[in-house]
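Subject: Structure for your review

Dear colleague,

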Amino acid sequence: VQLQASGGGLVQAGGSLRLSCAGSGLTTSDNFMGWFRQAPGKAREFVARIAWRAGRTYYADSVKGRFTISRDGAKKMFYLQMNSLKPEDTAVYYCATAAWASAVVSDYHSWGQGTLVTVSS
């Protein structure tokens, strides 16, 4: 499995960005697609996940109502639309896949390279 994340950048607080993750070589063990983030000096944390087939979503409380995860099965892409961005959203964002629904980093077995999101105040 290969995942390629893109779409990061610099944005002012209150602005929006859309991250994309292109997947290739996906198998039956890639049932859930997740986004995680890691701020400088902090542990990697769960942001959102989506069930690849059913489309059910789940969000961390810190982003609920501001971020939306989605997928395009035909294109093997999934996305993270981020609105009302805050300086505390600044982090490297990673896409990843897992076999089961989880918010735990170690349950995700394939990872993209990360894309930096910087939110200025």
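K64 and D61 form a salt bridge, with their closest N and O atoms 3.0 Å apart; the term denotes a side-chain nitrogen of Lys or Arg within 4 Å of a carboxyl oxygen of Asp or Glu. K64 is partly exposed, with a relative accessible area of 49%, whereas D61 is exposed, at 65%. Here buried means under 20% relative accessible area, exposed over 50%, and partly exposed in between (1.4 Å probe, protein chains only).

Please note that this is a predicted model, in which local features need pLDDT of at least 70 and side-chain atom pairs count only at pLDDT 80 or more, while totals for chains, interfaces and linings use all residues. Residues are numbered from 1 along each chain as its sequence is written, and side-chain values use heavy atoms, with hydrogens and water left out.

Four salt bridges are found in a search of the whole structure. In one of them, R37 pairs with D89, the closest N and O atoms being 2.9 Å apart. Because R37 lies in strand 4 (residues 32-38) and D89 in the loop between strand 8 (77-82) and strand 9 (91-98), this pair ties together parts 52 residues apart in sequence. Strands are DSSP runs (E, at least two residues), numbered from the N terminus. R37 and D89 are both buried.

D89 also forms a salt bridge with R66, at 2.7 Å between the closest N and O atoms. R66 is buried, as is D89. Finally, a network of salt bridges links R37, E45, R66 and D89.

With kind regards

How values were computed: Helices (H or I, at least four residues) and strands (E, at least two) are DSSP runs, numbered from the N terminus.
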